[in-house]
Amino acid sequence: MGYTITEKLFSRVSGRPNVISGDIITFTPDWSMANDATAHISIDLYRSEYGKECVKLPERSVLIIDHNVPADSPSTAWVHKKMRNFAIEQGMLLYDAKGICHQIMIENHVAAGQIIVGCDSHSCTYGAIGAFGGGIGCTDIVYLWKTGELWWYVPESICIELIGGVKEPVTARDVILAIIGQLGPDAAIGRVMEFTGVGVHNMSIPERIVLCNMAVEGGAVCGIVEPDEKVISFLPGRPHQFFKSDADARYYSSYSINLNGLDPMIACPHSMENIVPVSRVEGLSINQAFIGSCNNGRIEDLRAAAKVLKGNKVKKAVRLVISPASINIYRQALQEGLIDIFLEAGAQVLNPSCSTCWGGCTGLVGDGERLISTGTRNFKGRSGSHKSEIYLASAITTAVSAIEGVITCPVKE
Amino acid sequence: MDKNNKAHTGKAWKVGRHFDTDQILPSQYMLFPTIEEMAKHALEGIRPDFIPNVRRGDLLVGDENFGCGSSREQAPRVLKYIGIETVIAKSFASIFFRNAINIGLPVIVLPDAVDRIREGDRIEISFEKGVITNKTQGETYTFPPFPEFLMGIIKVGGLLQYAKSRS
């Protein structure tokens, strides 16, 4: 009997041979990460339980200030200060307003073959590198800081074979929306989405990141892709270890999805149940457009948006908010002249942060407003008012819609 | 459940499918200094009647994919703080389930009970026996006991207490 890549990764970290899905194991992750959306709860809990005791493995523990950046209130400033003090006291790694946590982890730490846990549901992103990434909570990370270990149900996997491919203006973002639209928002609860086939192996690493990042929106604990040489050229010098699923590995279920001729897709309010081709909702007026987030704030997304926006203006009374996913991406965009194109088009360019997508601080929408966004979620009130609507689409569809002032399909019949 | 595993009677609050953690606690309250301050805003966008009327011992009845979305442990924590006894649903998002167990908030997967229980029904739960009694409708629903490892965590009130009890 064969094993999935996920079973092999948990076998590696637990030091137990032949780990299979359904096993409950304890293990030490290669990296842990917490951000300012929840770290204050964890730090308070750690302090009240263990006082000034040293955390285990501080050199593998990362704190990232990225959600409410810069601080939007005195209480947020107090949360950030608490994180800085804790990181310094404990000798942890700290990234302070350098970018969105998952982008920072990939830029600096993640290697193929590793298991990374993060106090953020989009930790599922790291599967794009051939690693396992899993979301955890505050109690989990406090337990991990104290003991160096975590408990985990080793998950089953769903095999999603991608056939064919897409080309601009259809992107990996449209692919993952189409997959979740077909499978449903709870199809993969507690399981891993393992993407296989020519369709995913022809994708670049940034495209695979887009794919894996939204696996959690289909209920998955992680989205994962078997690593290949593209991983090494994307992240050279890391201690990569390549694992792959055996030909006779056991999957909970298998799907085959043909990407040829795929339409640009959009998730309509207020859940991932409502994913349709963009053409179905064309013409709906918008108040705001957002390009950024851990899903679509990378340089490739900014380039695609700039190509659309160059020489055009954002529609009057519509605001376009753009937030590069990290300082490195921001600087690259500056060097390539993309920021100039955005400003010329009338966009508001924010510092790297979770901003509109997480809805805790900047770039929010009000009562009765409609947002088109490259963010990760369209839950009611996610980006501001409970009386607003969020439509999720690619950077290209979002940029085209910002110019037109209405939801617009980038592919014309 | 309390330390003696005594059964409580509470009122059922029903919510829909894919009830996400943003509905339980919106992002803009997550950085508030205490769970007490956050809890004042639980479910405020979708059920503004919840906070003024909820009582200790009440329970939430979800549907499929309860607690989907964000990993925010604030979500189960505010529910526990308010006094929600348990959440019953057809299925739970993985991280919500994990967080609930870790803080000692028992959650029950029982599709049949979800279909039978109506908003406002008086419900009594015995975790030891695995029985939900619907006092309003005069029905009982049974659920399988939690796996030993999870019951061990729930019984002592959460993962950190569990670790302490074993050291």
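In this predicted model, chain A is divided into two domains. Domain 1 spans residues 5-257, and domain 2 spans residues 266-404. Taken over C-alpha atoms, the centres of domain 1 and domain 2 of chain A are 24 Å apart. Domain 1 of chain A brings 29 residues to the contact between them, and domain 2 of chain A brings 28. On the domain 1 side, three helices of chain A each supply at least two residues: α4 (101-108), α6 (172-183) and α8 (205-213). Of these, α6(A) gives the most, with five residues. By class, this side of domain 1 of chain A has eleven nonpolar, eleven polar and seven charged residues.

Chain A also meets chain B. Here, 40 residues of chain A are in contact with 35 residues of chain B. The elements of chain A that give two or more residues to its side of this contact are α2 (39-50), α3 (74-90) and α5 (138-147). The largest share comes from α5(A), which provides six residues. The side of chain A that touches chain B has 14 nonpolar, 17 polar and nine charged residues.

Chain B has eight helices and seven strands. Its C-alpha atoms fill a box of roughly 45 × 40 × 25 Å along the principal axes. The radius of gyration of chain B is 15 Å; a compact globule with 167 residues would have a value near 15 Å, so the two agree. Buried residues make up 49% of the 167 residues in chain B. Among contacts in chain B with a separation of 6 or more, 66% join residues 24 or more positions apart.

One helix of chain B illustrates this burial. Helix α4 of chain B covers residues 74-82. Seven of its nine residues are buried, so the helix is largely enclosed by the rest of the structure. A residue counts as buried here if 20 or more other C-beta atoms lie within 10 Å of its own. The buried residues of α4(B) are Q74(B), A75(B), P76(B), R77(B), V78(B), L79(B) and I82(B). Their cover includes elements from both chains. Chain A contributes α2. From chain B come α1 (21-24), α2 (35-39), β2 (59-61) and α5 (94-102). Just after α4(B), G83(B) takes a positive phi of about 110°.

Methods. Residues are numbered from 1 along each chain as its sequence is written. Chains are lettered from A and ligands numbered from 1 in the order in which they are written. This is a predicted model: local features need pLDDT of at least 70, side-chain atom pairs count only at pLDDT 80 or more; totals for chains, interfaces and linings use all residues. Two residues are in contact if their C-beta atoms, placed from the backbone, lie within 7 Å. Helices (H or I, at least four residues) and strands (E, at least two) are DSSP runs, numbered from the N terminus. Ala, Val, Leu, Ile, Met, Phe, Trp, Tyr, Cys and Pro count as nonpolar, Asp, Glu, Lys and Arg as charged, and the others, Gly among them, as polar. Domain bounds come from an automatic or database domain assignment. The radius of gyration is taken over C-alpha atoms; the globule rule is 2.2 Å times the number of residues to the power 0.38. A residue is buried if 20 or more other C-beta atoms lie within 10 Å of its own, exposed if 12 or fewer, and partly exposed in between; C-beta atoms are placed from the backbone.
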